[in-house]
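Trainee: I would like to learn how to read pockets and a helix in a model. Can we work through one together?

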Amino acid sequence: MSNTPSDGILGEGRFLTLRRRKGWEFVERPKVVDVAVLIATTPDGKAVFVEQYREPVASRTIEWPAGLVGDEEAHDGEELLAAANRELEEETGFRAGELEVLQKSPSSAGLTSEIITFIRAAKLKKVGEGGGVEGENIKVHLPPLAEADAWLDARVEEGFLIDPKVYVGLYFLHRADREK
């Protein structure tokens with residue numbers, strides 16, 4: 001007989017639930033229906049990366065703009081691409097004229113039930129300041145795509161952590177270039 005607790009909720013916080021199912025312990029995000037990761041590029045060929053401090057890793061990170069869909073009552077029922085464009089504008093001050101869903105993938109299949117949707121954001125237009133919502137303190141970086149690898153390497157040398165989704169997004173961009 002096992003001495004492990006039965007399937008169910010092991011703990012709950014404001015934004016996360018720790019759950020056990022079939023012997024697996026993992027995290028869920030209540031109310032979140034999707035996570036949008038925006039592979040955003042400017043018309044003049046620059047990547048749109050964001051920098052912010054992330055407490056779970058106690059470090060500044062470099063990421064693509066991203067956001068949760070369905071986590072706030074004010075945006076209940078918001079469609080994925082509309083939420084993605086709203087998040088892009090909040091974080092970067094850019095609005096996309098073209099959005100394309102590329103792929104859905106688990107963010108960390110052994111740790112969380114979270115599924116992310118990679119979205120290509122193109123035909124960007126600057127419409128605001130960006131910086132995120134209260135408490136986010138987001139800084140926008142616009143390195144030329146052709147120099148993105150070297151730019152990212154330099155950030156690592158400065159002590160930043162690079163979200164691996166950045167490299168996935170660059171792969172999608174390189175693949176799209178090959179298919180042209």
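**Pockets and a helix**

Mentor: Start with a pocket's volume. This is a predicted model, and its second largest pocket holds about 390 Å³ of space.

Trainee: Which residues lie nearest the centre of the second largest pocket?

Mentor: Look at the lining. Here 17 residues line the second largest pocket, and Arg120, Phe172, Leu173, Ala176 and Asp177 lie nearest its centre. By class, that lining has six nonpolar, four polar and seven charged residues.

Trainee: Which element gives the largest share of that lining?

Mentor: α3 does, with seven residues. β8 (94-106) and β9 each supply at least two residues as well.

Trainee: What about the largest pocket: how much space lies in it?

Mentor: About 1800 Å³. Its lining has 45 residues, with Arg29, Arg54, Pro56, Leu68 and Glu114 nearest the centre. By class there are 22 nonpolar, seven polar and 16 charged residues. Elements that each supply at least two of its lining residues include β9 (115-126) and α3 (164-179).

Trainee: Which residues of α3 are buried?

Mentor: Val166, Gly169, Leu170, Phe172 and Leu173. These cover an arc of only 155° around the axis, so they sit on the same side of α3. Pro164, Arg178 and Glu179 are exposed on the other side.

Trainee: What caps the N-terminal end of α3?

Mentor: Aspartate 163. One of its side-chain oxygens lies 2.7 Å from the backbone nitrogen of lysine 165.

Terms used
Residues are numbered from 1 along each chain as its sequence is written. This is a predicted model: local features need pLDDT of at least 70, side-chain atom pairs count only at pLDDT 80 or more; totals for chains, interfaces and linings use all residues. Side-chain values use heavy atoms; hydrogens and water are left out. On a 1 Å grid over the protein atoms alone, a cavity is a set of points where a 1.4 Å probe fits but cannot get out, and a pocket is an open set with protein on both sides within 12 Å along at least five of seven lines; lining residues have an atom within 4 Å of a point. Grid points are joined across faces, edges and corners, and a volume is the space filled by probe spheres set on the points. Helices (H or I, at least four residues) and strands (E, at least two) are DSSP runs, numbered from the N terminus. Ala, Val, Leu, Ile, Met, Phe, Trp, Tyr, Cys and Pro count as nonpolar, Asp, Glu, Lys and Arg as charged, and the others, Gly among them, as polar. Buried means under 20% relative accessible area, exposed over 50%, partly exposed in between (1.4 Å probe, protein chains only). The arc is that of the directions from the helix axis to the C-beta atoms. A polar contact is a pair of N or O atoms within 3.5 Å; within protein, one must be able to donate a hydrogen and the other to accept it, and residues adjacent in sequence count only if both atoms are side-chain atoms.
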